[in-house]
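Please read the points below with the model open beside you, taking them in order.

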Amino acid sequence: MSHLLPQKPHVDRPAPDSRIVTLDDEDADEVFAALGSDVSRAVLAELYRDPATQSELAERVDTSIQNIGYHVGKLLEADLITVVEQWYSENGAKMDVFAPAGAPLVLVAGGHERSVTVEKNTTASTVDGLANSDD
């Protein structure tokens with residue numbers, strides 16, 4: 001039987017603009033608080049791999065959907081992730097689909113001058129290369 005509501009249509013990801021957060025940014029506390037948990041970091045890493053619903057994240061990270069809901073809330077508050085789509089479950093319930101709010105996220109331990117230098121010299125491909133290097 002075919003479904004009347006689309007269950008998993010294609011998800012358009014947000015534009016890959018990097019976000020640079022320094023220790024002295026006004027939103028640094030919120031970002032670091034959101035990333036202070038292993039589960040939150042695992043959720044964010046999973047969303048960089050592929051957008052997902054809370055139930056999919058619970059399965060991927062091997063934790064409860066209630067725990068995922070808490071960490072997704074913290075990541076949303078810190079503007080690290082965003083809702084990019086809504087899918088429908090088999091019973092017709094709407095499910096938010098989450099993805100990173102941008103890529104890459106760069107955390108800089110230094111003042112504004114250093115973040116400007118990083119911003120000028122950092123591209124998504126540069127950060128991808130650094131993240132994937134074995135050194």
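1. Thr22 is found in strand 1 (residues 19–22), where strands are DSSP runs of E with at least two residues and helices are DSSP runs of H or I with at least four, both numbered from the N terminus. Thr22 is buried, its relative accessible area being 2%; here buried means under 20% relative accessible area, exposed means over 50%, and partly exposed lies in between, with a 1.4 Å probe and protein chains only. The side chain of Thr22 makes a polar contact with the side chain of Asp24 at 2.6 Å. A polar contact is a pair of N or O atoms within 3.5 Å, of which, within protein, one must be able to donate a hydrogen and the other to accept it, while residues adjacent in sequence count only if both atoms are side-chain atoms.

2. A word on the basis of these points: this is a predicted model, in which local features need pLDDT of at least 70 and side-chain atom pairs count only at pLDDT 80 or more, whereas totals for chains, interfaces and linings use all residues. Residues are numbered from 1 along each chain as its sequence is written, and side-chain values use heavy atoms, with hydrogens and water left out.

3. The axes of helix 3 (residues 54–61) and helix 4 (residues 65–77) come within 9 Å and cross at roughly 110°, the axes being lines fitted to C-alpha atoms, for helices over the stretch in contact, with angles running from 0 to 180 degrees between N-to-C directions. Helix 3 and helix 4 are therefore roughly perpendicular to each other, since angles of 65 to 115 degrees count as roughly perpendicular, those under 35 as roughly parallel, those over 145 as roughly antiparallel and the rest as oblique. Gln54, Ser55, Leu57, Ala58 and Val61 in helix 3 meet Ile65, Ile68, Gly69 and Val72 in helix 4, where contact means heavy atoms within 4.5 Å.

4. The axes of helix 2 (residues 38–49) and helix 4 also come within 9 Å, crossing at roughly 75°, and these two helices are therefore roughly perpendicular to each other. On the helix 2 side the contact is made by Val39, Ser40, Val43 and Leu44, and on the helix 4 side by Asn67, Ile68, His71, Val72 and Leu75.

5. His71, placed in helix 4, counts as buried at 7% relative accessibility. The side chain of His71 makes a polar contact with the side chain of Ser40 at 2.7 Å.

6. Which residues have the most contacts inside the largest nonpolar core? They are Val43 and Ile68, in a core of 20 residues; a nonpolar core is a set of buried Ala, Val, Leu, Ile, Met, Phe, Trp, Tyr and Cys residues joined through side-chain atoms within 4.5 Å. Helix 1 (28–34), helix 2, helix 3 and helix 4 are the elements that give two or more residues to this core, and the largest share, four residues, comes from helix 2.

7. Glu46 lies in helix 2 and is buried, with a relative accessible area of 17%. Leaving aside its neighbours within four places in sequence, Glu46 is in contact with Leu57, Arg60 and Val61.

8. The buried residues of helix 3 are Glu56, Leu57, Ala58 and Val61, and they pack against helix 2, helix 4 and strand 2 (81–88). Just after helix 3, Asp62 takes a positive phi of about 60°.
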